Amino acid sequence: MIALIGMALIGAGTLFFIAGTVGLLRFPDLYCQLHALTKADGLGLALIGLGAALLSGSVGDIARIALICAFAALSGATCGHLIARHARRAGQEDADA
Amino acid sequence: MKSFQALDDGLAVAGQHRKPAPLVRMPRQRLRRLTFPAVILAVIWGVLADWRLESWLFGGPAVLLALWLLTLLPPARRWTMAPLAALRFAGWFAVQAVRGAVDVSLRAVSPRMPLNPGFRSWRTTLPEGTPRIMLANAVSLLPGTLSAEIEGQRLVIHLLDCHTDLAAEIGRLEARIAAVFNLPAGKETAA
């Protein structure tokens, strides 16, 4: 049962990664694309981590997965901000590069 | 501090009045300031590498490098945190992050792709330092908002839908962050 829930969570996480990638490809400008990457991929990773933690069950693995998810969320938000800031400062003409 | 002074005097008496190594010069207070981060970083590495002895070949230098970078940063103000409010914030934030991800995913896969993007500016009442950084990072995970710049009190926010009620969304977030750091909500706080 737990294995089933774990696999369902990993499947749901994959869907968010796909949606994030679709957003990256379809959204019109860099800022909207960043929304897709920071938010959808962040939740995708959290769901896959949760599912993997359920499947593994060892305390060390769970702690590692939690740390990785926390750092990924932190660096994702920070990198998104830095990329957006750089694009703004670089000027409007190459903002959509 | 006193013992370092004595060491300096000793060197002077011995007639070798050269500059001591920077490590010796480092005030004890600064060393103590690095102890807590050193323990935290070592534990993080230990957990990540499953406490394998040979992993410290990389982990040791990485921890030292991080500590050295820490000494280059200006000392941060210490914030008191309210544990209960922090817990409540974590729960609320998790729900918002899920909402944000679902919102942007639905927009991405919807054939119509409902977007009405634009920038808006927000004047934050949170003091400089950790609370403001936390706000900027949290804004990026809230539904439809992305922090694009912080200049002092001004936060430039990119919106997927520029008709979003910023005051409601960010205002609520600000109040919750203020509660985490025991700050009076909605009031200017001198940094």
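Before the record, one caution: UniProt positions are given here in the numbering of this model, feature names are shortened, and annotations may be inferred rather than shown by experiment. And the model itself is predicted.

Now the record. An unreviewed UniProt entry annotates "transmembrane region" over residues 31–49 and 55–73 of chain B. What do the coordinates give for those spans? Residues 31–49 of chain B are 95% helix and 0% strand. The end C-alpha atoms of that span sit 26 Å apart. Go on to residues 55–73 of chain B: 89% helix, again with 0% strand. There the end C-alpha atoms lie 27 Å apart.

Stay in chain B, but move to the strands. Look at β2(B), residues 145–151. Is this strand mostly covered or mostly open? Mostly covered: five of its seven residues are buried. Its partner is β3(B), residues 154–159. The two strands run antiparallel, and six bridges join them. For a landmark, find B:Leu146; across from it, in β3(B), is B:His158.

Over to chain A. Three helices, zero strands. From the N terminus, the order is simply α-α-α. The chain has 97 residues, and 36% of them are buried. Next, contacts in chain A with a separation of 6 or more: 73% of them join residues 24 or more positions apart.

What about the surface? Chain A exposes about 5,100 Å². Carbon and sulfur atoms supply 74% of that area.

One part of that surface deserves a slide. There is a nonpolar patch of about 730 Å². Its members are A:Met1, A:Ile2, A:Leu4, A:Ile5, A:Met7, A:Leu54 and A:Leu55. Which elements give two or more residues to the patch? They are α1(A), residues 2–26, and α2(A), residues 30–56. The largest share is from α1(A), with four residues.

Take A:Ile5 as the example. A:Ile5 lies in α1(A).

Key: Residues are numbered from 1 along each chain as its sequence is written. Chains are lettered from A and ligands numbered from 1 in the order in which they are written. This is a predicted model: local features need pLDDT of at least 70, side-chain atom pairs count only at pLDDT 80 or more; totals for chains, interfaces and linings use all residues. Side-chain values use heavy atoms; hydrogens and water are left out. Buried means under 20% relative accessible area, exposed over 50%, partly exposed in between (1.4 Å probe, protein chains only). Contact means heavy atoms within 4.5 Å. Accessible areas come from the Shrake-Rupley method with a 1.4 Å probe; for residues, only the protein chains shown count as cover. Two strands pair if DSSP finds at least two bridges between them. Patches are made of residues with over 30% relative accessible area and no salt bridge: like charges are joined within 9 Å, nonpolar side chains (Val, Leu, Ile, Met, Phe, Trp, Tyr) within 5 Å. A salt bridge is a side-chain nitrogen of Lys or Arg within 4 Å of a carboxyl oxygen of Asp or Glu.
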